[in-house]
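The following paragraphs lead through the structure shown here, from its overall arrangement to individual residues. Please keep the sequence and the model in view while reading.

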Amino acid sequence: MDASDDPHIHVETKTAQGGAAVRGLTASVFGLAADAPAQVDSGCGRRVPYAMTSPLPEKVTCLACREHARAEHLRLAESVERLGGMPGSVVGPREARLAAGRHRGLAERFAGDGDG
């Protein structure tokens, strides 16, 4: 199936790292508006149009991408919690628990059925 024939909404491979959020932050901090890429690598391993991706669990209809995003958010939650417990960390234990909780919440939403 050609990417143009794919009706599914996907997630970017590094969905938990917020590609679109990073571009937005760069634009707001430095006043630079980087163009969104025409195509991105998706969680299911396909190269898809950026316009056919979403970081919102309720919008993602590709089941493999939903599974990928769930696993990524769970992995990041564990990493953030570890970071918060390290001596000298700039992220305190409370902040780390809150951030990890947000990522676990997103993981749970990605585990849903994707029917919106």
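Contact, as the word is used here, means heavy atoms within 4.5 Å. Helices (H or I, at least four residues) and strands (E, at least two) are DSSP runs, numbered from the N terminus. The model is predicted, so that local features need pLDDT of at least 70 and side-chain atom pairs count only at pLDDT 80 or more, whereas totals for chains, interfaces and linings use all residues. Residues are numbered from 1 along each chain as its sequence is written, and side-chain values use heavy atoms, with hydrogens and water left out.

The chain contains three helices and two strands, which follow the order α-β-β-α-α from the N terminus. Of its 116 residues, 29% are buried; buried means under 20% relative accessible area, exposed over 50%, and partly exposed in between (1.4 Å probe, protein chains only). Among contacts between residues at least 6 apart in sequence, 66% join residues at least 24 apart.

Two packed helices are described by the angle between their axes and the distance between the axes. Helix 2 (residues 63-84) and helix 3 (residues 93-110) pack at about 170°, with axes 8 Å apart. Axes are lines fitted to C-alpha atoms, for helices over the stretch in contact, and angles run from 0 to 180 degrees between N-to-C directions. Helix 2 and helix 3 are therefore roughly antiparallel, a term for angles over 145 degrees. The residues that meet include Arg66, His73, Leu76 and Val80 in helix 2 and Pro93, Ala96, His103 and Phe110 in helix 3.

Which residues of helix 3 are buried? They are Ala96, Ala99, Ala100, His103, Ala107 and Phe110. These residues lie on the same side of helix 3, because they cover an arc of only 100° around the axis, the arc being that of the directions from the helix axis to the C-beta atoms. Helix 2 is included in what covers the buried residues of helix 3. On the other side of helix 3, Arg94, Arg97, Arg102 and Glu108 are exposed.

Histidine 8 lies in the segment before helix 1 (19-30). Because its relative accessibility is 34%, histidine 8 counts as partly exposed. Leaving aside neighbours within four places in sequence, histidine 8 is in contact with Met52, Thr61 and Cys62. Histidine 8 and threonine 53 are 45 residues apart in sequence, and their C-alpha atoms are 8.6 Å apart in space.

Definitions and conventions:
Angles under 35 degrees count as roughly parallel, over 145 as roughly antiparallel, 65 to 115 as roughly perpendicular and the rest as oblique.
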